[in-house]
Amino acid sequence: MTDAAPLLQVRDLKTHFTFRAPSTGVLPGPKRVLKAVDGVSFDLAEGEVLGIVGESGCGKSTVGRTLTKLEPATSGEALFRGRDILGLSAGAFRPLRREIQMIFQDPFASLNPRLTIEQTLAEPVRIHGLARTREEVRARISDTLVKVGLDPKVMTRYPHEFSGGQRQRIGIARVMIVEPRLVIADEAVSALDVSIQAQVLNLIKDLQRDSGISMLFISHDLGVVRHISDRVAVMYLGRIVETAPKAAIFEKPAHPYTRLLLASIPRIRPGRQPVVDLGEPASAASPPSGCAFHPRCPLATDICRSTRPDPVDLGNGRSSACHHAGQLLGEAA
Amino acid sequence: MTAILTMGRIFRGRWLATAGLCWLILVALAAIFAPLVAPYDPLEFDPLVRLSPPSQEHLFGTDHFGRDSFSRSLYGARMAIVIGFGSVVVALVAGGLAGMISAYFTRLGHVIMRIVDVLMAFPALLLALVLMTLLERSVVNTVIVIGIVYATTTARILFGMTLKLKGEVFVDAATCSGAGHASILFRHILPNLVSPLLVQASFIFAFAQLQAAALDFLGLGLPPEVPSWGNMLSESRIYVTRASWLLLFPGALIILSVFSMNLVGDALRDSIDPRFRNDIKGV
């Protein structure tokens with residue numbers, strides 16, 4: 001982490017989806033709004049890895065998709081080197097796409113089955129004008145393939161000839177070939193076999209460290225996030241409920257939801273408590289009043305049911321959006 | 001050289017498809033060299049030998065004007081190929097573009113696909129009839145009309161497939177790489193549509209023959225003097241009890257060509273989709 005101005009500053013980001021409720025008659029059903037991301041703010045420093053964790057449906061992937069402009073933002077701003085990217089047109093954003101890249105979850109779906117590896121990797125090089133001649137393009141592809149641990153000879157092959165782990169390496173090569181400054185990894189290893197996860201995770205970490213890339217690592221897997229992140233942000237129903245340096249959050253969670261998440265990690269150790277049942281998260285289409293977490297929270301009091309807590313700075317780079325954060329920290333101390 | 005190797009790869013182990021290809025090559029050669037091979041002028045009347053059965057002089061017999069059926073069949077191959085490929089090109093280009101663009105730009109697509117829906121509300125033959133009555137009888141117009149008729153189904157099929165492909169993760173990945181709309185449509189989505197397009201092409205090629213024959217039969221297709229297999233069928237229908245060979249030969253030619261096109265289309269599809277490349281077995 002550095003003290004320089006953050007590479008990315010996200011301020012009150014909102015991404016809402018409108019959809020139609022099921023119709024009860026001939027006329028279309030009423031319009032409803034799903035607040036997938038509802039006021040997310042965070043900073044990301046140069047070379048920093050911020051892990052975003054949360055249950056499925058909490059909006060963590062939508063944050064990533066909004067920042068790469070795959071989904072239009074409803075409001076808020078995302079300053080990349082001080083310049084808001086959310087308002088940019090597709091054409092104006094194109095040069096920035098080179099710097100802001102995304103690793104996708106499913107390595108089977110993220111590669112076009114009709115294109116060879118060479119064709120897939122040549123595309124970003126050509127679009128961003130990173131090599132002039134065919135030989136230069138090919139040399140760059142070879143270098144990148146070696147970097148991600150693949151034999152350059154594989155470039156003539158099609159995606160279906162590779163395993164999941166190899167495909168994800170190709171996906172990572174497509175990202176690294178343009179030398180990005182910000183990489184958004186959306187469940188980058190979740191679809192892989194557990195035995196392969198560690199390899200690919202280490203590769204991502206090495207590449208990140210070597211090139212000083214900033215990274216948003218989105219995952220539901222706390223173990224994976226713990227391995228790779230410098231800081232962790234916990235999301236619940238479209239909002240960040242807690243942000244803290246990695247060590248702090250795993251030692252002393254300052255939000256009851258984080259606590260619940262940590263307690264839910266299955267452990268193979270005799271005599272420990274059985275796995276905690278998280279219960280069903282509330283629906284983002286009709287969130288509860290007050291603190292969205294109160295129906296599941298063991299500490300919920302009247303204020304939680306009526307007033308939504310805003311993130312409170314707790315010092316040491318921590319913040320928590322909980323009325324009882326102080327109590328939690330005191331308890332753990 | 002690479003073309004020969006590619007052909008070898010496509011047809012290896014597929015004797016039926018190879019036979020179909022040979023037949024289509026034969027038809028193509030007949031079409032090209034018709035003036036050299038044909039023993040008679042296809043338009044020449046010879047009243048003395050009208051409705052004579054197949055013989056050494058007239059391999060396929062003669063029709064009610066005494067025209068040599070074999071020579072007419074050779075020239076008919078030209079029409080079959082022109083109608084077949086012409087309709088395929090018109091249908092795939094018009095229908096394919098309409099379907100892909102409709103699925104990709106959904107607002108515009110609502111308008112285009114409703115027009116397609118209206119066209120599809122007509123039975124294929126009726127639509128062709130309506131369009132042909134507005135136009136002059138000519139080869140080009142017949143090709144355009146049949147092409148438009150099948151463009152509607154092509155547009156429908158490609159609309160659905162493009163809609164599905166548009167949501168694929170690799171399209172998102174291409175967007176993140178900086179690819180524009182045209183690049184995504186034609187570089188990323190179109191190659192994934194080749195298989196359905198080929199299947200569609202062989203189907204259109206086949207049905208275009210039948211559609212053209214039906215139009216000929218109703219007097220709205222190719223000009224009557226043009227020797228086509230469809231015209232030959234319709235002209236000789238009233239002689240079916242006296243001169244069945246007049247129906248037998250053009251009918252057999254249509255069936256064989258349609259069947260062959262389907263076989264070749266299947267072989268092409270299996271080879272172009274890399275997922276099938278290693279398991280081509282049987283026919």
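Guide: Residues are numbered from 1 along each chain as its sequence is written, and chains are lettered from A and ligands numbered from 1 in the order in which they are written. Since the model is predicted, local features need pLDDT of at least 70 and side-chain atom pairs count only at pLDDT 80 or more, while totals for chains, interfaces and linings use all residues.

Visitor: What makes up the secondary structure of chain B?

Guide: Chain B has 12 helices and zero strands. Helices (H or I, at least four residues) and strands (E, at least two) are DSSP runs, numbered from the N terminus. The C-alpha atoms of chain B fill a box of roughly 75 × 45 × 30 Å along the principal axes.

Visitor: Why are α6(B) and α7(B) called oblique to each other?

Guide: Helix α6 (residues 124–134) of chain B packs with helix α7 (residues 139–166) of chain B at an angle of about 140°, and their axes are 9 Å apart. Axes are lines fitted to C-alpha atoms, for helices over the stretch in contact, and angles run from 0 to 180 degrees between N-to-C directions. Angles under 35 degrees count as roughly parallel, over 145 as roughly antiparallel, 65 to 115 as roughly perpendicular and the rest as oblique. The pair α6(B) and α7(B) is therefore oblique.

Visitor: Which residues make the contact between α6(B) and α7(B)?

Guide: From α6(B) come A124(B), L127(B), A128(B), L131(B) and M132(B), and from α7(B) come V145(B), I146(B), I148(B) and V149(B). Two residues are in contact if their C-beta atoms, placed from the backbone, lie within 7 Å.

Visitor: How many residues does each chain give to the contact between chain A and chain B?

Guide: Chain A gives 22 residues and chain B gives 16 residues. On the side of chain A that touches chain B, α2 (90–97), β6 (100–103) and α3 (117–127) each supply at least two residues. The most comes from α3(A), with three residues. By class, the side of chain A that touches chain B has nine nonpolar, six polar and seven charged residues.

Visitor: Why is D12(A) called exposed?

Guide: A residue is buried if 20 or more other C-beta atoms lie within 10 Å of its own, exposed if 12 or fewer, and partly exposed in between, with C-beta atoms placed from the backbone. D12(A) has 11 other C-beta atoms within 10 Å, so D12(A) is exposed. D12(A) is found in strand β1 of chain A, and its phi is near 50°, a positive value in a residue other than glycine.

Visitor: What makes R81(A) partly exposed?

Guide: R81(A) has 15 other C-beta atoms within 10 Å, so R81(A) is partly exposed. R81(A) is in the loop between β4 and β5 of chain A. The hairpin of β4(A) and β5(A) has two residues between the strands, and R81(A) takes a positive phi near 55° there.

Visitor: How do you know that β4(A) and β5(A) pair?

Guide: Two strands pair if DSSP finds at least two bridges between them. Two bridges join β4(A) to β5(A), which run antiparallel. In this pair, L79(A) stands opposite D84(A) of β5(A).

Visitor: Why are β2 and β5 of chain A said to stand at the edges?

Guide: Four strands of chain A form an open sheet in the order β2-β1-β4-β5, with antiparallel pairing. β2 (31–44) and β5 (83–84) of chain A each have a single partner strand, so one side of each is left without a neighbour in the sheet. Within the sheet, five bridges join strand β1 (residues 8–20) of chain A to strand β4 (residues 75–80) of chain A. K14(A) has S75(A) of β4(A) as its bridge partner.

Visitor: What makes both faces of β6(A) covered?

Guide: I100(A) and M102(A) on one side and Q101(A) and I103(A) on the other are all buried. Four bridges join β6(A) to strand β7 (residues 182–186) of chain A, and these strands run parallel. The bridge partner of I103(A) in β7(A) is A185(A).

Key:
Nonpolar A, V, L, I, M, F, W, Y, C, P; charged D, E, K, R; others polar.
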